[in-house]
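Subject: Handover of a structure

Hello,

I am passing this structure on to you. Please look through the sequence and the coordinates before you read my notes.

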Amino acid sequence: MKIQLLNQQPVFKALQDQAVKVPHLAELFQQNPHRAQQMSIESAGICLDYSKQRVTDQVLSELEQLFYQVKLPQSIAELFSGAVVNQSENRAALHTQLRLPAAQQPEAFAVIEQALLQMEALVDQVQQGVWRGFSGKRITDVVNLGVGGSDLGPLMVTQALKEYAEPQAKALKVHFASTIDGSQLFDLLDHLNPETTLFLIASKSFTTIDTLSNADTVRAWLAKACPSETLMLRCHFVGISASADKMQQWGIAPENQLPFWSWVGGRFSLWSTVGCAIALDLGMGVFRQLLAGAYAMDEHFRTAPPLQNIPVMMALLGVWNVNVLDIRAHAILPYDGRLKYFPSYLEQLEMESNGKSVTQSGEPINYATCPVLWGEIGANAQHAFYQLLHQGTQAVAADFILAANRYEASQSEAHYEALIAQHELNIANCLAQSRVLALGNAAVEPSDNPFRHYPGNQPSSTLLLDRLDASTLGGLIACYEHKVFTQAVIWGINPFDQWGVELGKQVALQLQAVLAGKGDTELDSSTLHLAAQINSKRGRV
């Protein structure tokens, strides 16, 4: 079925006409003292304030029309029903099914809870010291071997929720290795004990060259210490994949295999058994809370009307910024050190999903799709790239992410008061930056000095969490997932495939042969010259 392009939608021309009519943000706030109260949505422990976006009531009305013109209610229903929404691979995308409470799962999806219970039993054995290494010693360290979604998701969550780790999880140390050059593994293996280390190999296809290369390195490292390969494989490896056959071929014992399914995309997989590293590091209870928070956001996204729907509003505002205001860059700015890896996680989620230039039906697109995402912890970014945001020559949209509550009074009073003071300073910095980006010199003393001119009018949204815990983090991640899906429908693209990534893998295999002097020489001169230089510097002909 041919997709109707965004710029062919009846309301798109009206949106373009509005672009030149929207006043500066400073003027919009002057015109309406209640703007923030009217442009705020709250659900699942998250409040979205989008009053600093360059929109008027008329723009919002037309964005709402766009929501219905692209038939988003139908697309959302199809996503949740298991319809084939990934057209190029003829698959459903049912990551939301993974978050559904067990009591509500239809019989066809009973395998989800079965897999979670299998994972829970494994986690309990490791945390309680029942699972032992080849020499009989209890496991002290776990290394997650994955890449992309099977690395970034669990890494981000474990970093964000460390303080909520359950008591039985605190004795374990969980590490992550993803880089194909072996640098992360080199640092880890130098300090780990082969007798007490368990490795999780997470790969949907169990053919991912990055992950299996690291797994082979680990296997060789363990083989030097363990006299029995059978014992080594049984005691020190867990496979997490949709391919039981491939796991079996590699040597993973059936009882050490955790399944997930072809309808779970890699960058949406942390909700599946790929979350085993999360459960080992934080506890199965924390992992279940993460699922519950995501489910709460799923229900909000599925049922709330468009202008009262957090993911939908984020998506519509993003389309307005990219396709009407021509803002092609988006900064993710969490003012919370626990969200250190959240910008990296979103870079993959958004740019791998929506970095597409053809429609679901394969026709070229003649407008922009996904903006370039990047980000950093806000307090650090202020001393890095905020200068460009405040006084650079290009517009940049931004998401500020902030937790209202932080630290507990159970700590010593003096220590607690000092931490609260730091949190207050952090909040003040976040609010100050979004204020100046929006209002420019209207937020400070006017100045005739050109070096102190702040134009403002940089659009931003603020996502305010009650507190950062497993439930709100689950909701926050799901919120961005649904934003990505909503934008994909508006742009007419498929957010669930990644053929560009697959091409890179194929060419890498071809070039391995070239470096070995056995490959095709009908390549571009730059690649051949670089390969020759590399071999020369390594003393190879």
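Predicted model: local features only at pLDDT ≥ 70, side-chain atom pairs only at ≥ 80, totals over all residues.

Residues are numbered from 1 along each chain as its sequence is written, and side-chain values use heavy atoms, with hydrogens and water left out.

The whole chain

The chain has 21 helices and 11 strands. Both are DSSP runs numbered from the N terminus: helices are H or I with at least four residues, strands are E with at least two. The C-alpha trace spans about 75 × 70 × 55 Å along its principal axes.

Of the 541 residues, 53% count as buried. Buried means under 20% relative accessible area, exposed means over 50%, and partly exposed lies in between (1.4 Å probe, protein chains only). Among contacts with a separation of 6 or more, 74% join residues 24 or more positions apart; a contact means heavy atoms within 4.5 Å.

Helix pairs

Two packed helices are described by the angle between their axes and the distance between the axes. The axes are lines fitted to C-alpha atoms, for helices over the stretch in contact, and the angles run from 0 to 180 degrees between N-to-C directions.

Helix 1 (residues 12-19) packs with helix 4 (residues 57-69) at an angle of about 160°, and their axes are 10 Å apart. Helix 1 is therefore roughly antiparallel to helix 4. The cut-offs are under 35 degrees for roughly parallel, over 145 for roughly antiparallel, 65 to 115 for roughly perpendicular, and oblique for the rest. The crossing of helix 1 with helix 4 is left-handed. A crossing has that hand if the near helix is turned anticlockwise from the far one by less than a right angle, and is right-handed if clockwise. On the helix 1 side the residues are Ala 14, Leu 15 and Gln 18, and they meet Gln 58, Val 59, Glu 62, Leu 63 and Leu 66 of helix 4. By class, this contact has five nonpolar, two polar and one charged residue. Ala, Val, Leu, Ile, Met, Phe, Trp, Tyr, Cys and Pro count as nonpolar, Asp, Glu, Lys and Arg as charged, and the others, Gly among them, as polar.

Helix 9 (209-223) and helix 10 (residues 229-236) cross at roughly 125°, and their axes come within 10 Å. These two helices are therefore oblique to each other, and their crossing is right-handed. Arg 219, Leu 222 and Ala 223 of helix 9 make the contact with Glu 229, Met 232, Leu 233 and His 236 of helix 10. Four of these residues are nonpolar, one is polar and two are charged.

Helix 5 (residues 72-81) and helix 13 (residues 284-303) pack at about 145°, with axes 10 Å apart. Here Ile 76, Leu 79 and Phe 80 of helix 5 meet Asp 298, Phe 301 and Arg 302 of helix 13. The contact has four nonpolar, no polar and two charged residues.

Single residues

Most residues other than glycine have a negative phi. Ala 44 has a positive phi of about 55° although it is not a glycine. Ala 44 sits in the loop between strand 1 (40-43) and strand 2 (46-49) and is partly exposed, at 26% relative accessibility. Phe 206 also has a positive phi of about 55°. Phe 206 is in the loop between strand 5 (197-202) and helix 9 and is buried, with a relative accessible area of 3%.

Ala 277 is in helix 12 (residues 276-282) and is buried at 0% relative accessibility. Not counting residues up to four places away in sequence, Ala 277 touches Asn 144, Pro 154, Thr 158, Val 174, Phe 176 and Leu 200.

Glu 107, in the loop between helix 5 and helix 6 (110-127), is exposed, with a relative accessible area of 76%.

Regards
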